[in-house]
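Colleague: Please take a close look at the aromatic pairs in this model. I would like one connected account, with cut-offs.

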Amino acid sequence: MERGYLDGQFLIAMPSMEDGRFAHSVVYVCAHSEEGAMGIILNQSASNLTFADLLQQLDIIEEGDPIRLPSPADRMLVHRGGPVETGRGFVLHTDDFFIESSTLPIDDGICLTATLEILKAIAEGRGPEQALLALGYAGWAPGQLESEIQSNGWLTAPADPLIIFDRDNATKWERALALIGIDAGMLSSDIGHA
């Protein structure tokens, strides 16, 4: 499989981002080609939904059963991965877990799996060492992401697993900017071209 231009990179929303769904977001790009792009927002928690709640909704854990999740599943957050297919779960995870024909290796030891099997494995303590669970994803039509980058909507940066898997969503945007030497306080929301 040929690697796409931005596969395995961060997209960091500029303060001028016009789409409120992506304000101050950090997106991990899972696939980027001439056919479009797909990524997972890393720093937006799903409100009022826990991993245990999700496991019950998907009948992985029976309702009413006492829920005793192993570590680190007991601390797993559910994220809003983007506005597309918000009822579908996606798990970004380390490459120590792999399901044949279901897991997509992306870059630098990061994979994507979108099956119930990985949720069961995490709940049973046999899943990947590190994982981020998201409902939905961000998607771009052919040429759309490139246009948004040219219009100063996004900055790109190399991905950092410490940011991907960290539970501190409130600081991910600033830390992603710091990867490319930018202080968030110095960014302007005004758009201009030199």
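**Aromatic pairs and the strands around them**

The structure holds 5 aromatic pairs. Rings of Phe, Tyr and Trp (its six-membered ring) pair if their centres lie within 6.5 Å; planes under 30 degrees apart count as stacked, over 60 as edge-to-face and the rest as tilted. This is a predicted model: local features need pLDDT of at least 70, side-chain atom pairs count only at pLDDT 80 or more, and totals for chains, interfaces and linings use all residues. Residues are numbered from 1 along each chain as its sequence is written, and side-chain values use heavy atoms, with hydrogens and water left out.

One of the pairs joins Phe-90 and Tyr-137. Their ring centres are 5.4 Å apart and the planes meet at 75°, so the pair is edge-to-face. Phe-90 sits in strand β5 and Tyr-137 in strand β8, so the pair ties together parts that are 47 residues apart in sequence. Strands, like helices, are DSSP runs numbered from the N terminus (strands: E, at least two residues; helices: H or I, at least four). Phe-90 is buried at 4% relative accessible area. Tyr-137 is buried too, at 16%. Buried means under 20% relative accessible area, exposed over 50%, partly exposed in between (1.4 Å probe, protein chains only).

Trp-140 counts as buried at 7% relative accessibility. Trp-154 counts as buried at 2%.

Strands β5 (residues 84-94) and β8 (residues 131-140) pair in the antiparallel sense over 6 bridges. Two strands pair if DSSP finds at least two bridges between them. His-93 has Ala-131 of β8 as its bridge partner. β5 also pairs with strand β7 (residues 110-113), antiparallel, over 4 bridges. There, Thr-94 is bridged to Ile-110 of β7.

β8 and β9 (154-158) also matter for helix α5: both are among the elements that cover its buried residues. Those residues of α5 (172-179) are Lys-172, Trp-173, Ala-176 and Leu-177. They span an arc of only 135° around the axis, which puts them on the same side of α5. The arc is that of the directions from the helix axis to the C-beta atoms.

Conventions: Contact means heavy atoms within 4.5 Å.
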